[in-house]
Amino acid sequence: QVQLVESGGGLVQPGGSLRLSCAASRSIFSLNGMGWYRQAPGKQRDLVARITSGGSTNYVDSVKGRFTISRDNAKNTVYLQMNSLKPEDTAVYYCNARTYNGLVYRDYWGQGTQVTVSS
């Protein structure tokens, strides 16, 4: 089991910045990776960025150069720094953690945090 607690969402003007945090209930080294997904109204939940247990990162093309995923191992926390925000970034952002027991992958989700980009 993994519990995830997110924080850091809010309302920001276009061009502004926000940092999301996701605290995990266990060592992030024990996880197969963590990531951030987002879901806009009426749309499916899509990957934004992921970081593996080895520290490799990947991003969806629409956020490359603007968003950065990072982690603090001592705090079991993953961050998403979002710069140059656009209205189309508006969504509920969900933290994800994945475990793998050698046979089965399992996903865990945070409660979601609203990000609204609007003037």
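**Close-up views of a predicted model**

**View 1. Here is what lines the largest cavity.** Ile28, Gly33, Met34, Ile51, Thr52, Ser53, Arg71 and Val78 line the largest cavity. Two elements each give two or more residues to that lining: strand S4 (33–39) and strand S5 (46–52). Sorted by class, the lining residues come out as four nonpolar, three polar and one charged. Keep in mind that this is a predicted model.

**View 2. Now for the space inside that cavity.** Rolling a probe the size of a water molecule over the atoms shows where empty space is left. How many cavities of 30 Å³ or more does the structure hold? The count is one. As for volume, the largest cavity takes in about 40 Å³ of space.

**View 3. Next up is the largest pocket.** This pocket holds about 160 Å³ of space. Going around its lining, you meet Arg38, Gln39, Ala40, Lys43, Gln44, Asp46 and Leu47, and also Val60, Glu88, Thr90 and Ala91. Which elements give two or more residues to the lining of the largest pocket? They are S4 and S5, and that pair also gives two or more residues to the lining of the largest cavity.

View 4. S1 and strand S3 (residues 18–24) run antiparallel, and four bridges join them. To pick out one spot, find Glu6: its bridge partner in S3 is Cys22.

View 5. Strand S8 covers residues 77–82, runs antiparallel to S7 and is joined to S7 by six bridges. Which residue in S8 is the bridge partner of Asp72? That partner is Thr77. S7 and S8 form a hairpin, with four residues between the two strands. In the turn, look for Asn76, which has a positive phi of about 50°.

Key:
Residues numbered from 1 in each chain as written. Predicted model: local features only at pLDDT ≥ 70, side-chain atom pairs only at ≥ 80, totals over all residues. Heavy atoms only, no water. Pairing = 2+ DSSP bridges. 1 Å grid on protein atoms, 1.4 Å probe; cavity = no way out; pocket = protein on both sides within 12 Å on 5 of 7 lines; lining within 4 Å. Points joined across faces, edges and corners; volume = space filled by probe spheres on them. Nonpolar A, V, L, I, M, F, W, Y, C, P; charged D, E, K, R; others polar.
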